[in-house]
Amino acid sequence: MSEEAKRKYEISFILLPNLKDEEVNSFGEDTRKTIENLGGVFKNQEKPEKRKLAYPIKKFEFGISLNIYFLLAVERLRELLSVLKQNGQILRHMITSVEERPSFASRSVETTESKRKKITYKVL
């Protein structure tokens with residue numbers, strides 16, 4: 001399957017806070033292998049870090065945050081989700097599609113007098 005048929009994704013994990021560094025690294029490696037076994041391409045993994053959660057999840061106040069970026073065919077996404085649901089180290093996960101956006105500098109901004117008159121500011 002070509003890379004054009006694959007989409008870019010980011011998966012964000014909140015892992016159990018009591019995991020050791022070796023277990024977190026092993027989790028990241030297992031996830032990479034799963035993505036590659038499904039025909040995906042692993043791109044990047046951010047350094048995991050322990051964070052205080054905004055609200056308790058399964059009675060845990062802290063969690064280990066981990067983000068992984070990869071390419072995968074849309075049809076294989078459900079298979080990845082089913083594999084992830086079997087892992088007991090995950091408190092929460094979220095997969096988002098990452099789309100290329102033009103940078104702010106490349107956008108054209110109109111600054112005509114007529115545009116400025118249409119914008120009104122309300123000061124409270």
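A polar contact of 3.2 Å joins the side chains of Arg51 and Glu49. The model is predicted. Arg51 is found in strand E3, and Arg51 is also among the residues closest to the centre of the largest pocket.

**Arg51 and its surroundings**
- Arg51 counts as partly exposed because its relative accessibility is 44%, which lies between the 20% and 50% cut-offs.
- Beyond its neighbours within four places in sequence, Arg51 is in contact with Glu61, Phe62, Gly63 and Ser65.
- Phe62 sits 11 residues from Arg51 in sequence. In space, the C-alpha atoms of Arg51 and Phe62 are 5.6 Å apart.

**The largest pocket**
- The volume of the largest pocket is about 160 Å³.
- Its lining has 14 residues, and the closest to the pocket centre are Ile14, Arg51, Lys52, Leu53 and Ser65.

**Where the lining comes from**
- Three strands each supply at least two lining residues: E1 (6–15), E3 (49–57) and E4 (60–73).
- Strand E3 gives the largest share of the lining, 6 residues.
- By residue class, the lining of the largest pocket divides into 7 nonpolar, 4 polar and 3 charged residues.

Conventions:
Residues numbered from 1 in each chain as written. Predicted model: local features only at pLDDT ≥ 70, side-chain atom pairs only at ≥ 80, totals over all residues. Heavy atoms only, no water. 1 Å grid on protein atoms, 1.4 Å probe; cavity = no way out; pocket = protein on both sides within 12 Å on 5 of 7 lines; lining within 4 Å. Points joined across faces, edges and corners; volume = space filled by probe spheres on them. Helix = DSSP H or I, 4+ residues; strand = E, 2+ residues; numbered from the N terminus. Nonpolar A, V, L, I, M, F, W, Y, C, P; charged D, E, K, R; others polar. Buried < 20%, exposed > 50% of the residue type's maximum accessible area, 1.4 Å probe, protein only. Contact = heavy atoms within 4.5 Å. Polar contact = N/O pair within 3.5 Å; in protein donor to acceptor, adjacent residues only side chain to side chain.
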